[in-house]
Amino acid sequence: MRHLLSTADLSHTQALSILDTAEEMAAVSTREVKKLPTLRGRTVVNLFFEDSTRTRISFEAAAKRLSADVMNFSAKGSSVSKGESLKDTVQTLEAIGADAIVMRHWASGAAAQLAGSGWTDCAVINAGDGTHEHPTQALLDALTLRRGWSAAHGADPRGTDLTGMRVLIVGDILHSRVARSNIWLLRTLGADVGLVAPATLLPVGVEKWPVSVYYSLDEALGSGPEAGPDAIMMLRVQAERMGGAYFPTAAEYTRRWGLTDERLARLAAHRGAAGQRPMILHPGPMNRGVEISAAAADSPMNQVLDQVSHGVSVRMAVLHLLLSSSERNTA
Amino acid sequence: MTRSPETSHVMSASDMDRALTRIAHEIVESHRGVEGLLLLGIPRRGTILARRLGERLARIDPGFDPSQAIGSLDITLYRDDLRAHGARTPEPTRIPGAGIDGATVVLVDDVLYSGRTVRAALDALQALGRPAVVRLAVLVDRGHRELPIRSDHVGKNLPTSRDERVSVLLDEIDGVARSQEAVVIQRRGGKQSQAGER
């Protein structure tokens, strides 16, 4: 592996290798010395053309725990606003001595273009490109799901996948890079994926995706204790989409697709095959009272804070696997 | 398992058994008992040898509790040759019981060669705490040290040339029957060195 651009490119073996490495990285953060010397002397650049707090901070924490040097670059207040091209920006960063570029860009496919351009020898990590993919978010979700799934089955998570797990992804699938990355990765890991969204927020061609589609959350939650999902992933209602007439009002969205107190109670009554409760995931930041009720946000089934700490572990694993690789020298 | 004519056996399963038993006695003797003793195997083969040493220690002194005094210490993230050999998925690090502070840690590995693995293990230990004493037990010491590191307990000192490759074949990893376990030397047939090779 030389770059991480999309979860669709990841094989089952590669995905497990990242998740298993992340398990060991997670152990580091519980120790007295929360730092590894692995990437000493390497430089990681966070190149962000779009606003982000948690992803950038998470990548920064991950690189620093591996002893790499970190440079943060945001397009605002940089030469990009003077009209500098991506090529010139990246070549400048490489001349400064970057070994890896973590890029978030508003254009879908930007990371793949950079990786395939020949402009740079740096390893490229996609930290979100337009509405295309956000692979490290999907990997941290998978790590969270695998922890819960293996704990319910009394197994060590290392080396296991998500075979047989039923996961619902609820919300704006059309614009969500998190949903796309999750669908490909969860399918690779053997989970059954269901999408729940208004018809206006599902992409054209979704019927060809390897998923089941529901237009109502009540229908997807099913009836009876056996019918429910093992995990439910609530996507953020993006305020910037509200004006697009995809759904009438926020209240209408909440009524049909939100995780309300009433639906939380139904979900809490579900028991998985091993007697476990379903998990609730959210990529954050949560809109309390819109896609998720305050009670669901504070429920013990909610994994949001675990997801954040798993994010650091997964990003450490990805940086380690990409930057320690010998392929760079021959490429 | 097929072996080329250039392969020679240097230790049989019973030789390995006897060597481990002797090392176990040496450990108890030099530590004057088993109190505060912690065996940490370096994955993957060191972990298995540490477990086998622990079984013997428990037989020698019933006060030795293998569940509280045997662990593993992965050194992948502390290696100095990651760039040359490429990234590996780290193996688990398991530190039992009360941790390593103040303990007598015995690092266990299969083959001692350049000493770089042990150097990485010492760095990894430092990040976990502060042991009172650190000792090193290896099944085979093949020489050619590149760092000022020595072993305290050795199964067999084996003079080798750098062109040779020493392999410890174990049931749990190599799938050989327990009675067929062995230490073998192979001459390298013009093959370049590979990751994980000793």
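Predicted model: local features only at pLDDT ≥ 70, side-chain atom pairs only at ≥ 80, totals over all residues.
Student: Which residue does B:Arg119 form a salt bridge with?
Tutor: The partner is B:Asp123, and the closest N and O atoms of the two residues are 2.6 Å apart. Both residues belong to helix 5 of chain B, which covers residues 116-128, and they sit four residues apart, about one turn of the helix. B:Asp123 is partly exposed as well, its relative accessible area being 30%.

Student: How many salt bridges does the structure hold over all chains?
Tutor: Over all chains there are 29 salt bridges. One of them connects the side chains of B:Arg94 and A:Asp156, with an N to O distance of 3.4 Å. This pair joins two chains, because B:Arg94 lies in the loop between helix 4 (82-85) and strand 4 (104-112) of chain B, while A:Asp156 lies in the loop between helix 5 (135-152) and strand 5 (166-170) of chain A.

Student: And B:Arg94, is that buried, exposed or partly exposed?
Tutor: B:Arg94 counts as partly exposed at 43% relative accessibility, and A:Asp156 is also partly exposed, at 40%.

Student: What about A:Arg288, where is its salt bridge partner?
Tutor: The partner, A:Asp298, lies in the loop between helix 10 and helix 11 (304-323) of chain A, whereas A:Arg288 lies in the loop between strand 9 (279-281) and helix 10 (294-297), 10 residues away. Their closest N and O atoms are 3.0 Å apart. A:Asp298 is exposed, with 52% relative accessible area, but A:Arg288, at 45%, counts as partly exposed.

Student: Switching to the sheet in chain B, what is the strand order?
Tutor: Five strands of chain B form an open sheet in the order 3-2-4-5-6, with parallel pairing. Strand 3 (70-72) and strand 6 (153-157) are the edge strands, each pairing on one side only.

Student: How many bridges join strand 2 to strand 3?
Tutor: Three bridges join these parallel strands of chain B, strand 2 covering residues 37-41; B:Gly41 has B:Ser72 in strand 3 as its bridge partner.

Student: Which strands does helix 5 of chain B touch?
Tutor: Helix 5 packs on the sheet and touches strand 2, strand 4 and strand 5 of chain B, and its direction makes about 155 degrees with that of strand 4.

Definitions and conventions
Residues numbered from 1 in each chain as written. Chains lettered and ligands numbered in written order. Heavy atoms only, no water. Salt bridge = Lys/Arg side-chain N within 4 Å of Asp/Glu carboxyl O. Buried < 20%, exposed > 50% of the residue type's maximum accessible area, 1.4 Å probe, protein only. Pairing = 2+ DSSP bridges. Contact = heavy atoms within 4.5 Å. Axes fitted to C-alpha atoms, helices over the stretch in contact; angles between N-to-C directions.
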